[in-house]
Number of protein chains: 2
Amino acid sequence: MFKSLGPSTSAFPTPAWVIVTYDQNERANAMTAAWGGIVNSSPPSVAVAVQPSRYTYDNILAKREFTVCIPSEEYAKETDYFGIESGRETDKIAAAGLTAERAEKVNAPYIKEFPMHLECKLTDRMNLGTHFVLIGQIVDVKADEAILDHKDSIEIQKLKPMVYSPTDRSYYKVGDEIGKAFSIGKEIKDKNQKE
Amino acid sequence: MFKSLGPSTSAFPTPAWVIVTYDQNERANAMTAAWGGIVNSSPPSVAVAVQPSRYTYDNILAKREFTVCIPSEEYAKETDYFGIESGRETDKIAAAGLTAERAEKVNAPYIKEFPMHLECKLTDRMNLGTHFVLIGQIVDVKADEAILDHKDSIEIQKLKPMVYSPTDRSYYKVGDEIGKAFSIGKEIKDKNQKE
């Protein structure tokens with residue numbers, strides 16, 4: 001039996017990402033974001049939704065560059081902290097005991113302790129009401145060598161990204177592999193073609 | 001040591017969703033989507049990225065309504081199948097042994113066997129290159145009573161949504177809870193305010 005729960009942002013899974021920017025004084029700032037996702041394959045692009053009242057919004061509009069840093073589960077506390085404090089008066093990255101470094105290809109910092117980050121250039125934005133969706137072209141992906149396999153491909157089970165659940169407002173681990181995409185569905189396709 | 005991997009859509013976690021639409025003959029069609037996410041809180045809105053060559057794209061543009069159905073992990077094969085077959089000549093939902101029913105508040109079907117779906121109305125779109133990002137206002141969330149807690153809130157561990165990993169192109173389970181958002185980070189905030 002399906003129950004109507006009304007309109008809400010109840011979608012699963014959503015990510016637990018940290019958007020990192022420089023302000024006008026080149027001070028690094030970090031903001032947690034669960035509203036966003038990949039939105040284009042070529043050029044590779046990511047969408048992040050940011051409220052215009054946020055310090056991060058001003059920074060992205062001014063610099064037009066940012067990073068999306070993906071924390072591993074061991075940084076859950078720091079990730080959560082970046083969502084509950086404003087960077088206008090506080091150096092949040094230092095307060096969390098983490099390190100901001102300048103990214104290679106964009107004028108934005110990244111958090112050194114997090115195992116990977118996407119270097120992004122703002123290409124578009126759209127006002128959707130409470131949030132602006134900001135489209136970032138991913139000009140490079142940087143990953144800690146420790147999370148790469150022998151082909152330099154990121155292994156999700158070494159990365160240990162977090163899933164955010166919007167109903168109970170909690171962070172979850174990524175669990176076991178279920179199966180290979182573009183593969184496990186072939187059984188149905190093959191069966192259907194034979195009939 | 002960080003390694004440059006070049007530009008790519010390597011982000012984690014991404015969702016494994018199924019977009020369900022009616023075509024011009026009111027035949028239901030389903031397409032798997034990992035490119036998307038929540039992008040606005042009020043009105044609640046979801047972004048899904050769809051290539052304009054897709055049958056689903058034509059359907060959404062014509063009907064301006066669709067559902068985002070969230071499969072549980074037990075439907076991994078069916079979900080994968082929806083990503084490797086086109087609906088132009090095949091009734092994919094029937095071929096997968098699943099059931100399409102008309103949604104309550106939008107002129108689009110949903111998959112009855114999947115534990116939840118978002119009823120969406122197209123409000124905006126943006127051409128990003130290979131994909132259009134389509135913004136859907138979520139007019140209702142429907143959930144199977146079996147995945148609700150006693151307050152009618154969706155429990156992620158009953159829903160069992162899948163995570164898609166774009167590097168090894170595989171589906172993963174959601175694992176254990178790590179901690180409460182807007183809560184576990186307070187320790188850092190409090191410590192910082194005392195200093």
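**Close-up 1: Arg169(A) in its loop.** Arg169(A) sits in the loop between β12 and β13 (170-180) of chain A; strands here are DSSP E runs of at least two residues and helices are H or I runs of at least four, numbered from the N terminus. Though not a glycine, Arg169(A) has a positive phi of about 45 degrees. It counts as partly exposed, with 13 C-beta neighbours inside 10 Å (buried takes 20 or more other C-beta atoms within 10 Å of a residue's own, exposed 12 or fewer, partly exposed is in between, and C-beta atoms are placed from the backbone).

A word on the model: it is predicted, so local features need pLDDT of at least 70 and side-chain atom pairs count only at pLDDT 80 or more, while totals for chains, interfaces and linings use all residues. Residues are numbered from 1 along each chain as its sequence is written, with chains lettered from A and ligands numbered from 1 in the order in which they are written.

**Close-up 2: Lys160(A), another non-glycine with positive phi.** Here phi is about 55 degrees. Lys160(A) is in the loop between α4 (156-159) and β12 (163-165) of chain A, and it is buried, with 20 other C-beta atoms within 10 Å.

**Close-up 3: the β5-β6 hairpin of chain B.** Strands β5 (36-40) and β6 (45-50) run antiparallel over 4 bridges (pairing takes at least two DSSP bridges), with 4 residues between them. Asn40(B) has Ser45(B) as its bridge partner. In β5(B), 5 of 5 residues are buried. The connecting loop holds Pro43(B), joined to Ser42(B) by a cis peptide bond with omega about 0 degrees.
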